[in-house]
Amino acid sequence: MFPLKANIEDDRAPLVTFALLLAMVIAYLVSLSHLGFSTLWHGPSHATIVQAGAIPYELAHLGRYCALAHGRVHCGLHHRPSGQWPALLTALSAMFLHADLLHLAGDALFLFLFGPVVEDRLGRVRYPIFFVLGGLVALALQVVLAPHSTAPAVGASGAIAAVVAGALVLAPRVRIVTVLMMIMLGTILEIPGILLAVLWLGEQIAYAATGLTDPIGHGWVAY
C-alpha cells in the first residue's frame, strides 16, 4: 500500500507543507555535514542529538545543563558546555532534527499526506503557527511527564500529531488516494484518513517499543 495524497479539492499548491518538508530535509543533511553522507541512513552523531535535541531535564531545570561524556548523558551542570545550544532554542531545533533516515521518512510521509488538508483549511499564515505550537505542546507534555529525563526528544512527531488530528477535525471525511499493489497489478483506492491516522499512531508505538530509530542504542531518544 502506497499512499499518494489527500483527495482535497484545492487549486493552490501546498507551499507551506513543501517548505516544512524541505526544512526537515535540510536540517537532516546539515546534521550529517561533519560526518559525510556515508552516514545518510544512520543519522547524526550522538553528540549532535544531545546538542540540538530537546532534553526534558534542561527545560524543566533552566540554568542547568546536560553533556555527553563517555557514552552517557550527564545532567546538573551549572555552566553550559561549549557548543551546547540554549535549552529554549532546542525546543525548536529538535522539531526538525531526526534520528535517522527511517525516522525522517516516516514523519515526512504523514506531513505530506495530511499537511495540505490543514494548510487548505487554516491558510498559509495560521498553518505553520499551528504546526510549531503542536510540536511545542507535545514537548511540554514530555517535560511534564518526565522532567528528569535525559533522553533528547527529536523529530517532528509532536507537530505532525497535531497536523494529523487537525486534518481529521477540519475535514473528517478526508480520504487518502492510495495505490494498492497485488502481485504485479496496482489498484487506485481512496481510504479513510482515520485509517492512516491509526497506522501512524501504530508506527510511533513501534518506534518507541523497539527503538527502530534509536541511533544511540540506549533508549535515549524520546518519541
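Two aromatic pairs turn up when the whole structure, a predicted model, is searched. One of them joins Phe-96 and Phe-131 in a tilted arrangement, and Phe-110 with Phe-114 makes a stacked pair.

**Aromatic pairs**
- The rings of Phe-96 and Phe-131 sit 6.2 Å apart, centre to centre, with 40 degrees between their planes.
- This pair links distant parts of the chain, as Phe-96 belongs to helix α4 (residues 87-96) and Phe-131 to helix α5, 35 residues apart.
- Phe-96 and Phe-131 are both buried.
- Phe-110 and Phe-114 are about one helical turn apart because four residues separate them in helix α5.
- Both Phe-110 and Phe-114 are buried as well.

**Helix α7**
- Buried residues of α7 are Gly-193, Leu-196, Ala-197, Trp-200, Glu-203, Gln-204 and Tyr-207.
- Viewed down the axis of α7, these buried residues lie within an arc of 110 degrees, so they line one face of the helix.
- Turned away from that buried side are the exposed residues Ile-194, Val-198, Ile-205, Ala-209 and Thr-210.

**Second largest pocket**
- This pocket holds about 250 Å³ of space.
- It is lined by 13 residues, with Lys-5, Ala-6, Ile-8, Pro-14 and Pro-116 closest to its centre.
- Helix α5 gives the largest share of the lining, five residues, while β1 (2-6) supplies at least two.
- The lining comprises seven nonpolar, one polar and five charged residues.

Note on methods: Residues are numbered from 1 along each chain as its sequence is written. This is a predicted model: local features need pLDDT of at least 70, side-chain atom pairs count only at pLDDT 80 or more; totals for chains, interfaces and linings use all residues. Side-chain values use heavy atoms; hydrogens and water are left out. Buried means under 20% relative accessible area, exposed over 50%, partly exposed in between (1.4 Å probe, protein chains only). The arc is that of the directions from the helix axis to the C-beta atoms. On a 1 Å grid over the protein atoms alone, a cavity is a set of points where a 1.4 Å probe fits but cannot get out, and a pocket is an open set with protein on both sides within 12 Å along at least five of seven lines; lining residues have an atom within 4 Å of a point. Grid points are joined across faces, edges and corners, and a volume is the space filled by probe spheres set on the points. Ala, Val, Leu, Ile, Met, Phe, Trp, Tyr, Cys and Pro count as nonpolar, Asp, Glu, Lys and Arg as charged, and the others, Gly among them, as polar. Rings of Phe, Tyr and Trp (its six-membered ring) pair if their centres lie within 6.5 Å; planes under 30 degrees apart count as stacked, over 60 as edge-to-face and the rest as tilted.
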